[in-house]
Amino acid sequence: MRRKLIAGNWKMNGSKAQGLALVEALAAHCREAESTAAAFDLLVCPPFVLLPVIEERARRAKIAIGGQDCHPKEAGAHTGDISATMLADVGCSYVIVGHSERRQDHREDDALVQAKASAALAAGLKPIVCVGETQAERDAGQALSVIEKQVRNSLPAGAGSRVVIAYEPVWAIGTGLTATPQDVADVHAAIRAMLQSEAGEEAAAQTRILYGGSVKPSNAAELLALQDVDGALVGGASLKAEDFWAIACASVA
Ligand code: PGA
């Protein structure tokens with residue numbers, strides 16, 4: 001059985017006070033609905049500077065914390081970068097790599113994403129490797145081939161089920177548009193089949209594949225009920241404790 005993972009990607013949002021308030025509100029939900037909270041994994045990925053601010057509150061509430069990116073090297077002369085080792089040191093257990101905003105804004109390619117995911121594994125973190133097609137690629141009928149190429153080239157060899165994959169259609173991120181349940185089901189099934197041939201039955205069966213792209217309380221139950229959807233990577237709606245909690249609860253509805 002794959003436990004559902006509900007991951008919040010705060011992106012470049014939040015002050016110290018807002019971050020703390022958000023985690024405290026989530027922690028209160030976890031306390032009040034202990035048995036519900038025990039049924040899924042909750043993760044928040046704030047901006048780097050807020051990690052130490054929220055770490056203790058999150059840990060006490062059994063909410064995992066993660067980074068939104070990491071450098072492929074462990075340390076060195078890389079001004080402005082943060083290593084996976086540093087993230088582990090401040091209490092992270094996950095890191096998002098290859099998010100489409102980084103692929104676009106920072107021109108990250110699959111090889112770099114793979115190196116980052118490898119660094120994450122070496123530091124004891126679970127990388128959440130993001131893949132997804134653009135609108136133009138979907139319109140051209142290339143969605144599956146683009147995604148398969150990204151999965152093949154972004155996952156570290158031999159990672160087994162230590163990686164999490166997030167399917168995020170680029171055109172659905174922050175737009176309010178979501179892929180249809182059928183499209184999501186098709187892509188997730190294709191990724192699972194790929195994992196079977198590349199990593200073997202067992203690893204494929206254990207690897208969590210998240211959906212991301214305008215997940216909100218109103219569409220979460222339908223998406224999270226799909227057979228190969230093992231959780232959600234939530235951007236905008238993760239900034240409101242009520243919405244993020246409602247999405248998490250929908251995963252076990
Ligand atoms: P969104 O972002 O939920 O705001 O669409 C998702 C993501 O980018 O991870």
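Let's begin where two helices cross: the crossing of H11 and H12 is right-handed, meaning that the near helix is turned clockwise from the far one by less than a right angle. Helices here are DSSP runs of H or I with at least four residues, strands are E runs of at least two, and both are numbered from the N terminus. Before going further, note that this is a predicted model, where local features need pLDDT of at least 70 and side-chain atom pairs count only at pLDDT 80 or more, while totals for chains, interfaces and linings use all residues. Residues are numbered from 1 along each chain as its sequence is written, and side-chain values use heavy atoms, with hydrogens and water left out.

Back to the pair. Helix H11 covers residues 217-224 and helix H12 covers residues 241-250; their axes come within 8 Å and cross at roughly 20°. (Axes are lines fitted to C-alpha atoms, for helices over the stretch in contact, and angles run from 0 to 180 degrees between N-to-C directions.) That makes H11 roughly parallel to H12, since angles under 35 degrees count as roughly parallel, over 145 as roughly antiparallel, 65 to 115 as roughly perpendicular and the rest as oblique. Who touches whom? From H11 you have Pro-217, Ala-220, Ala-221 and Leu-224, and from H12 Asp-243, Ala-246, Ile-247 and Ala-250, with contact meaning heavy atoms within 4.5 Å. Sorted by class, that contact has 7 nonpolar, no polar and 1 charged residues. For the sorting, Ala, Val, Leu, Ile, Met, Phe, Trp, Tyr, Cys and Pro count as nonpolar, Asp, Glu, Lys and Arg as charged, and the others, Gly among them, as polar.

Now look at H6 and helix H8 (residues 143-154), which pack at about 45° with their axes 8 Å apart. They are therefore oblique to each other. H6 brings Asp-110, Ala-111, Val-113, Gln-114 and Ala-117 to the contact, and H8 brings Lys-149, Gln-150, Asn-153 and Ser-154. The class count for H6 with H8 is 3 nonpolar, 4 polar and 2 charged residues.

H1 runs over residues 16-32, and its 17 residues should span 24 Å at 1.5 Å a residue; the end C-alpha atoms are 24 Å apart, which agrees. (The expected span is 1.5 Å times one less than the number of residues.) Buried residues of H1 include Leu-22, Val-23, Leu-26 and Cys-30, where buried means under 20% relative accessible area, exposed over 50% and partly exposed in between, with a 1.4 Å probe and protein chains only. The buried residues of H1 pack against helix H2 (34-37), strand E2 (41-45), helix H3 (51-60) and H12.

In H9, Val-184, His-188, Ile-191 and Arg-192 are among the buried residues.

Which loop residues are worth a stop? Arg-107, between helix H5 (100-105) and helix H6 (110-122), has a positive phi near 50° despite not being glycine, and it is exposed at 74% relative accessible area. Ser-214, in the loop between strand E7 (208-212) and H11, also has a positive phi, near 55°, but at 16% relative accessibility Ser-214 counts as buried. Finally, His-99 sits in the loop between strand E4 (94-97) and H5 and is buried at 5% relative accessibility. Leaving aside neighbours within four places in sequence, His-99 is in contact with Asn-9, Lys-11, Cys-130, Glu-168 and Ile-173.
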